[in-house]
Amino acid sequence: MKSVAFYTLGCKLNFSETSTISRTFEEKGFKKVGFNENPDIFIINTCSVTENADKKCRKIVKEAQKINPNGFVAIIGCYAQLKPREIAEIEGVDAVLGAAEKFRLHELLPTFEKTSRPVEEKVYARSIDEPLEYHTSYSLHDRTRTFLKVQDGCDYPCSYCTIPMARGASRSDTIENVVKAAREIAANGVKEIVLTGVNIGDFGIIDGKRTSSFLDLIQALDEVEGIERFRISSIEPNLLTNEIIQFVAHSKRFVPHFHIPLQSGSNKILGLMRRRYRRELYAERVAAIREVMPDCCIGVDVIVGHPGELHEDFIDTYNFLNELDINYLHVFTYSERANTKALEIKPVVGMRDRNERSKMLHILSDKKRRAFYEDNLGKEFPVLFEEGEGGDIMHGFTSNYVKVVAKYDPLRINDIVKVRLRSINEEMEVEVDEVPEEILSH
């Protein structure tokens with residue numbers, strides 16, 4: 001029995017795909033082991049959102065070689081699609097599989113034997129312009145929550161982004177297949193599903209034609225028995241309709257938590273980024289959510305240092321976010337990506353300015369999160385307690401994404417329990433009191 005280990009870089013979507021691929025190995029008799037357990041095969045799922053992700057790929061390959069110099073190393077994922085030959089030239093890499101080929105590992109590499117081959121024979125990656133199949137994917141047994149992929153690819157040509165080049169055109173699963181997967185997940189005892197994809201608000205495109213909508217999907221999922229919570233991972237503001245907001249506000253299973261990419265609070269920079277909205281629409285979406293879900297958690301993606309972002313443009317973004325009723329930020333420092341339109345935009349922002357702007361927004365994010373937590377103190381919420389990493393404490397999240405900490409109790413793992421939020425500790429976690437006799441789900 002050969003052993004196989006997996007390492008995933010990047011987003012929730014990558015984790016869902018890695019988990020699905022790992023199950024195909026186990027079904028074929030391979031033994032799944034930890035990365036440090038001297039596996040015969042290493043599968044490394046890569047990301048290419050930032051330059052740092054590319055460097056991480058090289059570092060993981062070196063670590064794999066140290067652990068088992070004779071181990072077979074296969075690289076899959078976004079970086080593998082964008083730069084297959086460059087990766088194939090890395091010492092120790094045996095195979096590189098692109099966006100379509102990563103789901104055909106067993107077909108293309110039946111023996112996983114390490115042999116000396118020319119670089120061109122290590123690459124399995126067809127053009128991203130060719131029609132790509134959709135592959136249902138979800139994570140399982142990796143954590144209390146499951147990431148369920150519902151959509152792949154993107155038709156938005158944002159100036160800074162390589163994802164359309166790495167994952168191809170927007171395409172979706174059928175509603176029937178997604179519901180079937182959700183039921184399979186429920187049968188494994190999972191309480192919460194996070195819906196993920198590249199641009200999930202664009203759900204509904206099959207074979208190049210729109211057959212349904214994201215609203216149709218969440219309405220169907222809301223009827224799936226056994227899943228207590230559905231969480232929407234990220235949705236573009238121009239695709240977050242009033243109908244979706246209203247449905248989530250009154251649904252049985254969708255929680256009050258939205259993560260909405262903004263990228264810049266300056267309309268000038270949004271134009272340079274080729275985003276499909278302006279900040280006024282973003283503010284309208286936030287206000288619409290607050291009107292029907294006052295306790296809803298709203299997260300924001302922001303990029304700092306995009307070419308053309310002058311100091312006054314960044315201050316415009318900072319002030320917009322400071323005044324906006326949102327609760328936390330995911331801050332990304334712009335990094336140059338080959339073959340993107342952003343490379344043609346001037347002036348280029350220096351790294352010192354990029355880092356300083358990032359620091360300012362991280363501080364703002366901490367203030368926003370603390371204010372949100374303080375506003376919720378004294379209130380009661382359902383919490384899903386998660387698998388711990390040992391010790392005498394455990395963590396969980398309220399329905400509206402407040403991170404809580406409690407004394408470890410193995411009977412509470414994967415339980416949804418009603419708690420009262422009591423106080424905020426130094427780690428920005430909320431300490432809680434359990435509300436007696438209010439265990440909502442076992």
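**Ground rules.** I number residues from 1 along each chain as its sequence is written, and I leave hydrogens and water out, so that side-chain values use heavy atoms. Because the model is predicted, local features need pLDDT of at least 70 and side-chain atom pairs count only at pLDDT 80 or more, while totals for chains, interfaces and linings use all residues.

**Entry 1: helix α9.** Helices here are DSSP runs of H or I with at least four residues, and strands are runs of E with at least two, numbered from the N terminus.

**Entry 2: α8 against α9.** I then checked how these two helices pack. Their axes (lines fitted to C-alpha atoms over the stretch in contact, with angles from 0 to 180 degrees between N-to-C directions) come within 10 Å and cross at roughly 10°. α8 and α9 are therefore roughly parallel (an angle under 35 degrees). The contact (heavy atoms within 4.5 Å) is made by F214, L215, I218 and Q219 of α8 and E243, I244, F247 and V248 of α9.

**Entry 3: α12 against α13.** I found α12 (residues 311–323) and α13 (residues 351–376) packed at an angle of about 5°, with axes 11 Å apart. That makes α12 roughly parallel to α13. On the α12 side the contact is made by H311, F314, Y318, L321, N322 and E323, and on the α13 side by R357, M360, L361, L364 and K368.

**Entry 4: D313.** I located D313 in helix α12. At 8% relative accessibility, D313 counts as buried. A polar atom of its side chain lies 2.8 Å from the backbone nitrogen of L310. Leaving aside neighbours within four places in sequence, I see D313 in contact with S266, K268, I269 and G308.

**Entry 5: Y134.** I found Y134 in the loop between β6 (123–124) and β7 (137–138). Y134 counts as buried, at 19% relative accessibility. A polar atom of the Y134 side chain lies 3.1 Å from the backbone nitrogen of Q151, and one lies 3.4 Å from the backbone oxygen of V150.

Terms used: Angles under 35 degrees count as roughly parallel, over 145 as roughly antiparallel, 65 to 115 as roughly perpendicular and the rest as oblique. Buried means under 20% relative accessible area, exposed over 50%, partly exposed in between (1.4 Å probe, protein chains only). A polar contact is a pair of N or O atoms within 3.5 Å; within protein, one must be able to donate a hydrogen and the other to accept it, and residues adjacent in sequence count only if both atoms are side-chain atoms.
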